[in-house]
Amino acid sequence: MLRRPKSVVGLDIGSSAVKAVELKPAGKAYRVTAFGSEPVPPDSIVDGAIIDGTAVADAIRRLFESRKIKGKDVAASLSGNAVIVKKITLPVMSEGELSESIAWEAEQYIPFDIQDVNLDYQVLDKGAATGGKGTMDVLLVAAKKEKIADYTGVIAQAGRQAVIVDVDAFALQNAYEVNYGIEAAQVVVLLNAGASAININIISGDQSVFTRDISIGGNAYTEALQKELSLPFESADLLKQGGEVEGVSYEDARAVLRAVTENVMLEIQKTFDFFKATAASDRIDRIVVCGGASRAEGFRELLGERFEVPIEAFDPFKRVAFEARKFGVNDPADVAPTAAVAVGLALRRVGDR
Ligand SMILES: Nc1ncnc2c1ncn2[C@@H]1O[C@H](COP(=O)(O)OP(=O)(O)OP(=O)(O)O)[C@@H](O)[C@H]1O
Ligand SMILES: [Mg+2]
């Protein structure tokens, strides 16, 4: 028990790229001791489901080998419709009673057979429980066993061991708390726009008050360019990131990209509307964005205009020392947007729940 908890490699298995981060405690914060990302072939992971396990395992193996990452223990994460996060209200009970009855309680909130999921939970307001309300709020997390096995399987195939399977939205929150601290009176939207999905976690102080994954992301931009400008995938992908493609200018692409951003904003709006309709308060103080697709044409600008709150780029290296050049990165700003989930995962320790 007195040993220092063992660190893990944070491994974010994204549908466009796998990212790895290893951290060591340094003073009151952390420093990055290993870092890298490796592309995943298109369509190997679709809607969060691993379609081509070998392709994903190969990407993970390449990543660990090329960056000389020695750690065997890995923390990975799931998102999308394989994971259900729900705040439920239960009568006040002891920890023991709760752990015994949670499966039974969860049954009515989970649209899957309870045998098919792994359950976890966290009591949110012990304070209110002792305040005589007679009820307590519990955050319930259920993940499909099949999905967990798919993710731990590719990690094993790459010669590593998944010791923690987290949820993208919570990894994001961990990365946020370490870098920004916990602001008690603030409602902050953490928004991670990836290639195939947008993870949203709305936090108030140290509590997650709402999470949702929206199934639209960077791929929608590439697909729109392919269709509207008759381009192959590679050219479209390059063009949307501002790269040069023969015969087309970024100006040709801009209107197409803007239209996709408008669509994405509509989806985000729906999520916020749902949050406001179900939450106790509809306040949002700021939106902190990351993920590769948050760099898309007009993304941050339209987000700010539409929701009329300050938009900030999530910097996972704000208080985590990152000597970018040591890891072959010229400008940390190039990798910061896509590193948040992996940083959050690397903060976990072997033995964490
Ligand atoms: N400068 C840019 N402009 C527009 N899009 C970009 C830019 N840079 C990266 N992207 C897009 O961001 C996406 C990759 O981001 P990220 O690494 O966060 O996704 P992921 O984690 O692989 O995906 P997911 O979590 O959805 O499975 C890709 O769709 C990529 O094309
Ligand atoms: Mg991602």
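This is a predicted model: local features need pLDDT of at least 70, side-chain atom pairs count only at pLDDT 80 or more; totals for chains, interfaces and linings use all residues.

Visitor: How are two packed helices described?

Guide: Two packed helices are described by the angle between their axes and the distance between the axes. Take helix α6 (residues 218-229) and helix α8 (residues 250-278). Their axes cross at roughly 135° and come within 9 Å.

Visitor: Which residues of α6 and α8 meet?

Guide: From α6 come Ala220, Tyr221, Ala224, Leu225, Glu228 and Leu229. From α8 come Asp252, Ala253, Val256, Leu257 and Val260. By class, this contact has 9 nonpolar and 2 charged residues, with no polar ones.

Visitor: At what angle do α8 and α9 pack?

Guide: Helix α9 covers residues 299-307. The angle between α8 and α9 is about 45°, and the axes are 10 Å apart. That makes α8 oblique to α9. This crossing is right-handed. On the α8 side the contact uses Thr261, Met265, Gln269 and Phe272. On the α9 side it uses Phe299, Leu302, Leu303, Arg306 and Phe307. The classes are 6 nonpolar, 2 polar and 1 charged.

Visitor: How far apart are the axes of α6 and α7?

Guide: The axes of α6 and α7 are 8 Å apart, and the angle is about 115°. Again the crossing is right-handed. Tyr221, Thr222, Leu225 and Gln226 of α6 make the contact with Phe233, Ala236, Asp237, Leu239 and Lys240 of α7. By class, the α6 and α7 contact has 5 nonpolar, 2 polar and 2 charged residues.

Visitor: Now the ligand. Which residues come nearest to ligand 1?

Guide: Start with the shell, then ask which elements supply it. There are 20 residues around ligand 1, and Gly14, Ser15, Gly194, Gly218 and Gly292 come nearest. The elements giving two or more residues to this shell are α6 and α7 (233-240). By class, the shell has 5 nonpolar, 12 polar and 3 charged residues.

Visitor: Is Ile50 buried or exposed?

Guide: Count neighbours. A residue is buried if 20 or more other C-beta atoms lie within 10 Å of its own. Ile50 has 21 C-beta neighbours inside 10 Å, so Ile50 counts as buried. Ile50 sits in strand β5 (residues 49-50). Leaving aside neighbours within four places in sequence, Ile50 is in contact with Ile45, Val56, Asp150, Tyr151 and Val154. The C-alpha atoms of Ile50 and Lys147 are 8.4 Å apart, though 97 residues separate the two in sequence.

Visitor: And the backbone? Which residue other than glycine has a positive phi near 50°?

Guide: Lys68 does. Lys68 lies in the loop between α1 (53-66) and β6 (73-78). Lys68 is exposed because 8 other C-beta atoms lie within 10 Å. Asp43 is another case: its phi is positive, about 70°, although Asp43 is not a glycine.

Visitor: Where is Asp43 found?

Guide: Look in the loop between β3 (29-39) and β4 (45-46). Asp43 has 11 C-beta neighbours inside 10 Å, so Asp43 counts as exposed.

How values were computed:
Residues are numbered from 1 along each chain as its sequence is written. Chains are lettered from A and ligands numbered from 1 in the order in which they are written. Axes are lines fitted to C-alpha atoms, for helices over the stretch in contact, and angles run from 0 to 180 degrees between N-to-C directions. Helices (H or I, at least four residues) and strands (E, at least two) are DSSP runs, numbered from the N terminus. Two residues are in contact if their C-beta atoms, placed from the backbone, lie within 7 Å. Ala, Val, Leu, Ile, Met, Phe, Trp, Tyr, Cys and Pro count as nonpolar, Asp, Glu, Lys and Arg as charged, and the others, Gly among them, as polar. A residue is near a molecule or strand if its C-beta atom, placed from the backbone, lies within 6 Å of it. A residue is buried if 20 or more other C-beta atoms lie within 10 Å of its own, exposed if 12 or fewer, and partly exposed in between; C-beta atoms are placed from the backbone. Angles under 35 degrees count as roughly parallel, over 145 as roughly antiparallel, 65 to 115 as roughly perpendicular and the rest as oblique. A crossing is left-handed if the near helix is turned anticlockwise from the far one by less than a right angle, and right-handed if clockwise.
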